[in-house]
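Here are my notes on this model, written so that you can follow along on screen. Keep the sequence open beside the structure while you read.

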Amino acid sequence: MNPLLAFGQIVVSIALVAAILLQARGTGLSGTFGGDSAVYRSRRGIERRLWQFTIALLLLFVLFSFASYTFQPAAA
């Protein structure tokens, strides 16, 4: 595996995990047991940008994974 691809995949995966954790809704004790009483609303402002950033990171992660699979050395 190319070390540059591996490093990029690790960095993108850490950023993706952080972006997903920042979006957590209902993180209180009631959310743990399914008692989330949040009303559905549309994303606005920073929430929307974070959502779009998460999607971009997901696409980058998929591209890095596909590239590392494609460019691996052939088994002899």
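**Notes on the model**

1. You'll find Gln9 in helix α1. Leaving out residues up to four places away in sequence, Gln9 touches Met1, Phe61, Phe64, Ser65 and Ser68; contact here means heavy atoms within 4.5 Å.

2. A word on what you're looking at: this is a predicted model, where local features need pLDDT of at least 70 and side-chain atom pairs count only at pLDDT 80 or more, while totals for chains, interfaces and linings use all residues. Residues are numbered from 1 along each chain as its sequence is written, and side-chain values use heavy atoms, with hydrogens and water left out.

3. Now the overall layout. The protein chain has three helices and zero strands, so in order from the N terminus the elements read α-α-α; helices (H or I, at least four residues) and strands (E, at least two) are DSSP runs, numbered from the N terminus. Of the 76 residues in the protein chain, 14% are buried. Among contacts between residues at least 6 apart in sequence, 77% join residues at least 24 apart.

4. Helix α3 covers residues 46–70, which is 25 residues. From its first C-alpha to its last, α3 reaches 36 Å, close to the 36 Å expected at 1.5 Å a residue. That expected span is 1.5 Å times one less than the number of residues. The buried residues of α3 are Leu50, Thr54, Leu57, Ala67 and Ser68, and they pack against α1 (3–22).

5. Which residues make up the largest nonpolar core? There are five: Val12, Leu16, Ala19, Leu50 and Leu57. The elements giving two or more residues to this core are α1 and α3, with the largest share, three residues, coming from α1. By nonpolar core I mean a set of buried Ala, Val, Leu, Ile, Met, Phe, Trp, Tyr and Cys residues joined through side-chain atoms within 4.5 Å. As background, nonpolar side chains tend to be buried together in soluble globular proteins.

6. Click on Val12 next. Setting aside neighbours within four places in sequence, Val12 is in contact with Leu57, Leu60, Phe61 and Phe64.

7. Is Ser68 buried or exposed? Ser68 counts as buried because its relative accessibility is 8%. This residue lies in helix α3. Not counting residues up to four places away in sequence, Ser68 touches Met1, Leu5 and Gln9.

8. Compare that with Ala18, in helix α1. Ala18 counts as partly exposed because its relative accessibility is 37%. Ala18 and Thr54 are 36 residues apart in sequence, and 9.2 Å apart in space, C-alpha to C-alpha.

9. The accessible surface of the protein chain comes to about 6300 Å², with 70% of it belonging to carbon and sulfur atoms. Areas like this come from the Shrake-Rupley method with a 1.4 Å probe, and for residues only the protein chains shown count as cover. Trp51, Ile55 and Leu59 make a nonpolar surface patch of about 280 Å². Patches are made of residues with over 30% relative accessible area and no salt bridge, where like charges are joined within 9 Å and nonpolar side chains (Val, Leu, Ile, Met, Phe, Trp, Tyr) within 5 Å. A salt bridge, in turn, is a side-chain nitrogen of Lys or Arg within 4 Å of a carboxyl oxygen of Asp or Glu. Trp51 is found in helix α3, and counts as partly exposed because its relative accessibility is 36%.

Technical notes:
Buried < 20%, exposed > 50% of the residue type's maximum accessible area, 1.4 Å probe, protein only.
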